[in-house]
Amino acid sequence: MTIRVVLADDQQLIRTALRMVIADIEDVEVVGEAANGEEAVALAGQLAPDVVVMDIRMPGTDGIEATRRITEGGGDTRIVVLTTFDDDDYVYGALRAGASGFLVKDMALDDILGAIRVVAAGDALIAPGVTRRLIQDFTAARLEKPRGRRELTAITDREREVLTLVGTGLSNTEIAEELFISVATAKTYLTRLLSKLDARDRVQLVIIAYEAGLVSPHRAPKSAPRSAPRSAPGRG
């Protein structure tokens, strides 16, 4: 089945680069392009794409507001937010708005394509470096403005372990290795957590792990190896 994608970025160079790469992929198709958040929301409503690749900084309606409006619209469209490293302050807002993926624009384009597939399949993905910064920012904000932690009384000790590892950015395979269980068992625990905590996807589990105090900067994930092929153009 072909994954239908809308590209939303005010930089035509970035949209063109992504469209050219996607044109060579059989299972992914660009069905629309938007230069701002308003256009992205309109195209999502008209075309019902599987995934919107959303820039976070755009004139007028920004990527966070556009993401919120699309996800609150009740459709099945998933959002992958693309940003640059200096956009860290927007990470938490984008995830709260309902984004299922959060990637940085200097990742290899092949990795971005992989993220589109992951999100279209119903999972979620955050670039490891972004996850680390998110943990640091969230912890710092909590120290500045203390508030009650979320209680996790409905999950077992083992599920708490899995949730902690999800919060540090580990994949199902890495969780299985860490806990000496099979990947299938790790997936089962993840499914149970999604159900018990009424979470939409893995990203929401990450947020819950932060809010429950299960993760800290000292448990930040390792950076994933970066592949050498084509990279998306940055903003200079």
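Helices (H or I, at least four residues) and strands (E, at least two) are DSSP runs, numbered from the N terminus. The model on screen is predicted: local features need pLDDT of at least 70, side-chain atom pairs count only at pLDDT 80 or more, and totals for chains, interfaces and linings use all residues. Residues are numbered from 1 along each chain as its sequence is written, and side-chain values use heavy atoms, with hydrogens and water left out.

**Stop 1: the second largest pocket**

Select Ala48, Pro49, Gly75, Asp76 and Thr77, which are the closest to the centre of this pocket among the 17 residues that line it. A pocket is an open set of points, on a 1 Å grid over the protein atoms alone, with protein on both sides within 12 Å along at least five of seven lines; lining residues have an atom within 4 Å of a point. The space in the second largest pocket is about 290 Å³, where a volume is the space filled by probe spheres set on the points, and grid points are joined across faces, edges and corners.

Now colour α2 and α3, each of which supplies at least two residues of this lining. The largest share, three residues, comes from α2. The lining divides into eight nonpolar, five polar and four charged residues. Here Ala, Val, Leu, Ile, Met, Phe, Trp, Tyr, Cys and Pro count as nonpolar, Asp, Glu, Lys and Arg as charged, and the others, Gly among them, as polar.

Stay on Ala48, which sits in the loop between α2 and β3. Its phi is positive, about 45°, although Ala48 is not a glycine. Most residues other than glycine have a negative phi.

**Stop 2: α2 against α3**

Select residues 37-47 for α2 and 63-71 for α3; their axes come within 9 Å and cross at roughly 15°. Axes are lines fitted to C-alpha atoms, for helices over the stretch in contact, and angles run from 0 to 180 degrees between N-to-C directions. The two helices, α2 and α3, are therefore roughly parallel to each other. Angles under 35 degrees count as roughly parallel, over 145 as roughly antiparallel, 65 to 115 as roughly perpendicular and the rest as oblique.

For the contact itself (heavy atoms within 4.5 Å), show Gly37, Glu38, Ala40, Val41 and Ala44 in α2, which meet Ala66, Arg69 and Ile70 in α3. By class, this contact of α2 with α3 has five nonpolar, one polar and two charged residues.

**Stop 3: the cavities**

The structure holds two cavities of 30 Å³ or more. A cavity is a set of grid points where a 1.4 Å probe fits but cannot get out.

The largest cavity has a volume of about 40 Å³. To find it, select Leu7, Ala8, Asp9, Ile14, Arg15, Leu18, Val53, Met54, Asp55 and Leu82, which line it. β1 (3-8), α1 (12-22) and β3 (51-55) each supply at least two residues of this lining. By class, the lining of the largest cavity has seven nonpolar, no polar and three charged residues.

For the second largest cavity, of about 30 Å³, select Leu18, Val21, Ile22, Leu109, Ile112, Leu113 and Ile116. Both α1 and α5 (109-120) supply at least two residues of its lining, and the largest share, four residues, comes from α5. The lining of the second largest cavity has seven nonpolar, no polar and no charged residues.

**Stop 4: α8 against α9**

Select residues 172-179 for α8, then α9; the two helices pack at an angle of about 105°, with their axes 8 Å apart. That makes α8 roughly perpendicular to α9. Asn172, Thr173, Ile175 and Ala176 in α8 meet Val183, Ala186, Lys187 and Leu190 in α9. The residues of this contact of α8 with α9 divide into five nonpolar, two polar and one charged.

Next select Asp198, in the loop between α9 (183-196) and α10 (202-211). Asp198 is a residue other than glycine with a positive phi, near 55°.

**Stop 5: α7 against α10**

Finish with α7 (residues 157-167) and α10, which pack at an angle of about 105°, with their axes 8 Å apart. α7 and α10 are therefore roughly perpendicular to each other. Show Leu163, Val166 and Gly167 of α7, which make the contact with Arg202, Leu205, Val206, Ile208, Ala209 and Tyr210 of α10. By class, the contact of α7 with α10 has seven nonpolar, one polar and one charged residues.
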